[in-house]
Amino acid sequence: MNNIFMSKNNEKVNIRQLEAKDAKQVLDYICTVGGETDNLLFGREGLGISVDEEMRILSQYLVHPVSMLLGCFIGEKLVAVSNISVKERQRIRHIASLGISVIREYWNQGIGTYLMKYMIDYSRKNEQIEVLELEVISDNYRAVELYKSLGFKVIGAMPKAVKIGNSYHENLMMILEL
Ligand SMILES: CC(C)(COP(=O)(O)OP(=O)(O)OC[C@H]1O[C@@H](n2cnc3c(N)ncnc32)[C@H](O)[C@@H]1OP(=O)(O)O)[C@@H](O)C(=O)NCCC(=O)NCCS
């Protein structure tokens, strides 16, 4: 797949691996996106880690043979992030977890779909990855429908998976066998 695509709004979107130099922008992005939705595992407070720590995380992804952290840029602006992370232990290293987020202003522009397809395509070409897994809050219909449209199946649900304030949310577990 291409590293550049056009959003439905006809804006040029550039996909690339995030690097240590992006650390501050990534942390700001995480606070923004976390403040826009309750569907992630963090809110506007973000991850609570320093730029140095984030630099270390980005560097680790960059040198990892399989796991990968991608950013989508419109001009200089980071508008979406997706990670794929393989398990390390021998007996589960054929499974990779996926995560994705898009800045609300850019929802429904096809960016989430393109990024997911990119990750699936990457996984199909990678010998190690046989199963993709993800978890999604049950009432995050936008995300659940997106994943189903790409072939993911619901294989279970975990009650009380996420606690925001005093309210609990159920997670769906979804997989795609490649
Ligand atoms: C879920 C998310 C990644 C989708 O990204 P996106 O760039 O908006 O996705 P796309 O534009 O490619 O596609 C969205 C699809 O959802 C559909 N959709 C929109 N609202 C919907 C709703 N309420 N119910 C069902 N489907 C809906 C759209 O019709 C579109 O499908 P189409 O292209 O076939 O018309 C994005 O909304 C997001 O980042 N949300 C917040 C973080 C999050 O929930 N991450 C996932 C955690 S598991």
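These notebook entries record what I looked up in the structure.

**Basis.** I worked from a predicted model, in which local features need pLDDT of at least 70, side-chain atom pairs count only at pLDDT 80 or more, and totals for chains, interfaces and linings use all residues. Residues are numbered from 1 along each chain as its sequence is written.

**Sheet.** I looked up the strand order and found an open sheet of eight strands, β1-β2-β3-β4-β5-β6-β8-β7, with mixed pairing. Strands (E, at least two residues) and helices (H or I, at least four) are DSSP runs numbered from the N terminus, and two strands pair if DSSP finds at least two bridges between them. At the edges I noted β1 (4-6) and β7 (153-164), each pairing on one side only. From one strand to the next, the twist averages 25°. Angles run from 0 to 180 degrees between N-to-C directions, with axes as lines fitted to C-alpha atoms, for helices over the stretch in contact.

I found β1 and β2 antiparallel and joined by three bridges, with Met6 opposite Lys12 in β2. Their hairpin has five residues between the strands, and Asn10 takes a positive phi near 70° there. Strand β2 (residues 12-17) also pairs with β3 in the antiparallel sense, over four bridges. Arg16 stands opposite Gly71 in β3.

**Helix α4.** I noted that α4 packs on the sheet, where α4 touches β6 and β8 and its direction makes about 160° with that of β6. Contact requires C-beta atoms, placed from the backbone, within 7 Å.

**Core.** I looked up the largest nonpolar core, which has 38 residues; Ala80, Leu98, Ile111, Leu115, Met119 and Val136 have the most contacts inside it. Such a core is a set of buried Ala, Val, Leu, Ile, Met, Phe, Trp, Tyr and Cys residues joined through C-beta atoms within 7 Å; buried means that 20 or more other C-beta atoms lie within 10 Å of the residue's own. The largest share of this core, seven residues, comes from α3. Leaving aside residues up to four places away in sequence, Met119 touches Ser82, Ile84 and Leu98.

**Ligand.** I found 20 residues around the ligand, the closest being Asn39, Trp107, Gly112, Thr113 and Ala143; a residue counts as near if its C-beta atom, placed from the backbone, lies within 6 Å. The shell takes at least two residues from each of β5, α3 and α4, and its largest share, five residues, comes from α4. I recorded nine nonpolar, nine polar and two charged residues in this shell.

Note on methods: Buried ≥ 20, exposed ≤ 12 C-beta atoms within 10 Å, placed from the backbone. Contact = placed C-beta atoms within 7 Å. Nonpolar A, V, L, I, M, F, W, Y, C, P; charged D, E, K, R; others polar.
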